[in-house]
Structure formats: C-alpha cells, structure tokens
Amino acid sequence: MDNRSSHEIPGSVIAFTGQGGLPALRIESAASTAEIHLHGAHVTRFQKTGGEPLLFMSAASEFAPGKAIRGGVPIIFPWFGPREGLPAHGFARTTTWNPTGSEVLPDGSVRLRFRLPSEVSAVVEYTVTVGDSLTLELTVTNTGTADLTFENCLHTYFQVGDIRQTGITGLKGVRYLDKVAGTEPTESEETLRITAETDRVYQDTAATVDIVDPVLRRRIRVRKSGSLSTVVWNPWIDKSARMPDFGDDEYPHMLCVESGNVGPHAITLTPGAASSLVQEISSTPLD
C-alpha cells in the first residue's frame, strides 16, 4: 500500500510520481535536495544548493517493476553479484520499500525511514538523512531462530567531470580482488586513476575514500562504518556498449565507490543480533 502521503512534510518531504510512474519522494533540506524512489528505496538524486548533482544517473536507465535502476544508490542485499537462478545483487533493489517515518532535524536536514517487506527472517531498515551531506544507514536485525548470513552494499554511482582526470585516494596498501584481471594484488598507488574497465573489491578496509575531481572542481568524501569492503567500478568502453540500460558514452562521467561487506566479509548475525552499514557522502570545493 502506498502510504507516502502520511509521511509528507510541507516544504520538506513531497510525494510525487517518478519516472516510469514509480512512486517517489522529493526532499528539500536547508542545504540540498534529494529524490528517493520507493522502488528499491533508491536515492536517485542528491544535489547541494547551487552545485552539480553528486550522484550519476544513466539516461538509459529503466524505471520499471522488476528492473534495477541504473545510477544513484542501489541497495545490494542479501547477496552481492550473480546467483544462479536468482536476481543479481539480491532482491532489495527491485522491491518496493515502505516509508515508516519522516522528520526535520534541528539543523535543517531531513530524515526518512524505510522498511523492506521480505520473507527473509530479518527486519531490514533504511534511514536516509539529507542535509549538507547525505547519510545512508542500512540496518539488519535477525528476527529468526537460526544464524543469518548475508552480504550488503550501497552501490553508489558518483557524477564526475571526466573519469580520465579523476583521482581516488584512501586505498593505498589495501589488498583487492581485481575481477577484470582475476588477480589479488595490493594497491600501490597513493592516487588511483581509472584508465580501463575497472572492477575491484578492496578488502578489509574501513578507510575514508576521496574522489578528487578537477573538472567539476570538487572533492567528494565517502566515509563509512560497519563496512570492510570498498568496491571501485567503471565499465569503460566495451562493457558500456554491452549494457542495455547504460549509455555508450556515459562512462567518462561516472564512478562507483561502494561501501559494504562482500565475499570474505559477509556478515553472520546470531538470533536477535543487528548490524548497521553507514555511508556518509559529502563534498567540498577544490582549492
């Protein structure tokens, strides 16, 4: 049941019909605006007042039931990657979430809460706080009688001016799985540059990552907690051409830096236990 209207706040939280006729909420905070589609509880826009959008959205994205939205912040749960006979990256990003609360905080930021309807023996809640920064918190509570094991990830797409001029810092010395080369080296670069298809899972890292964008003249900072995996992804030329919901010429303007717990860092919760993954996205002008 669509209960968006009960969570509207005049001037701050507005229900509207998004692309593809999907129900959505628009958030107006003191410092920024955002949009969230209930399909996947998917943040499809975050833009500070007077600035460029921080999140990339593909113009070719499908907005349809059963289809994942390409761009913004997809929620990956309860598995990461493909599963035979099951949807890639889990079902959370293609399920309609229920809004459960909204409020304006004393500093002028706006907070919304969502819950995932699911047959999994867990309560999955998502809190989105929109202000000078964007804070996302995914909390899973095991309500069953057996251990619950899952992977999670906030698969964030960032908008950049030109990927070939963009630098990524904060990962030097971290071991990673290179899914393109099939190797597991250690990052040796202080500033990572993307020059080809890149799909890396950095492991055992809770570090803050900065995206340094000289074209858009800003530094995007990705802080996280409750996360030991950082994924860096750009499809580059050939893979872009193979993706029906991604424009062939869009790869220079996007970069995924994802916070989560995947592979060896999958989470196991005992009955009654809870786990929270938090990602905070902020930006500052470059000097």
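**Overall form and salt bridges**

Author: We begin with the fold as a whole. For 287 residues, a compact globule would have a radius of gyration near 19 Å, and the chain agrees with this at 18 Å. The model is a predicted one. Its C-alpha trace spans about 50 × 50 × 35 Å along the principal axes.

Reader: How many helices and strands does the chain contain?

Author: The chain has 1 helix and 22 strands. Among contacts with a separation of 6 or more, 61% are between residues 24 or more positions apart.

Reader: What share of the residues counts as buried, and what share of the accessible surface belongs to carbon and sulfur atoms?

Author: Of the 287 residues, 55% count as buried. The accessible surface of the chain is about 12100 Å², and carbon and sulfur atoms hold 49% of that area.

Reader: How far apart do the centres of the positive and negative side chains lie?

Author: There are 25 positive and 34 negative side chains, and the centres of the two sets are 2 Å apart.

Reader: How many salt bridges does a search of the whole structure find?

Author: The criterion is a side-chain nitrogen of Lys or Arg within 4 Å of a carboxyl oxygen of Asp or Glu. By that criterion the search finds 14 salt bridges. One of them pairs Asp-245 with Arg-70, with 3.2 Å between the closest N and O atoms. This pair links distant parts of the chain, 175 residues apart: Asp-245 is in the loop between α1 and β20, and Arg-70 in the loop between β4 and β5.

Reader: Are Asp-245 and Arg-70 buried or exposed?

Author: Both Asp-245 and Arg-70 are buried. Another salt bridge joins Arg-83 to Glu-151, the closest N and O atoms being 2.8 Å apart. Arg-83 sits in the loop between β5 and β6 and Glu-151 in the loop between β10 and β11, so the pair ties together parts 68 residues apart in sequence.

Reader: Why does Glu-151 count as buried?

Author: Buried means under 20% relative accessible area; Glu-151 counts as buried because its relative accessibility is 9%. Arg-83, by contrast, is partly exposed, at 34%.

Reader: Which residue forms a salt bridge with Arg-200?

Author: Glu-187 does, with the closest N and O atoms 3.0 Å apart. Arg-200 belongs to strand β16, whereas Glu-187 lies in the loop between β14 and β15, 13 residues apart. Arg-200 counts as buried at 16% relative accessibility, and Glu-187 counts as buried at 6%. Elsewhere, salt bridges with shared partners join Arg-26, Glu-35 and Arg-45 into one network.

Key
Residues are numbered from 1 along each chain as its sequence is written. This is a predicted model: local features need pLDDT of at least 70, side-chain atom pairs count only at pLDDT 80 or more; totals for chains, interfaces and linings use all residues. Side-chain values use heavy atoms; hydrogens and water are left out. Helices (H or I, at least four residues) and strands (E, at least two) are DSSP runs, numbered from the N terminus. Buried means under 20% relative accessible area, exposed over 50%, partly exposed in between (1.4 Å probe, protein chains only). The radius of gyration is taken over C-alpha atoms; the globule rule is 2.2 Å times the number of residues to the power 0.38. Contact means heavy atoms within 4.5 Å. Accessible areas come from the Shrake-Rupley method with a 1.4 Å probe; for residues, only the protein chains shown count as cover. Lys and Arg count as positive and Asp and Glu as negative; His and the chain ends are not counted. The place of a charge is taken as NZ of Lys, CZ of Arg, CG of Asp or CD of Glu.
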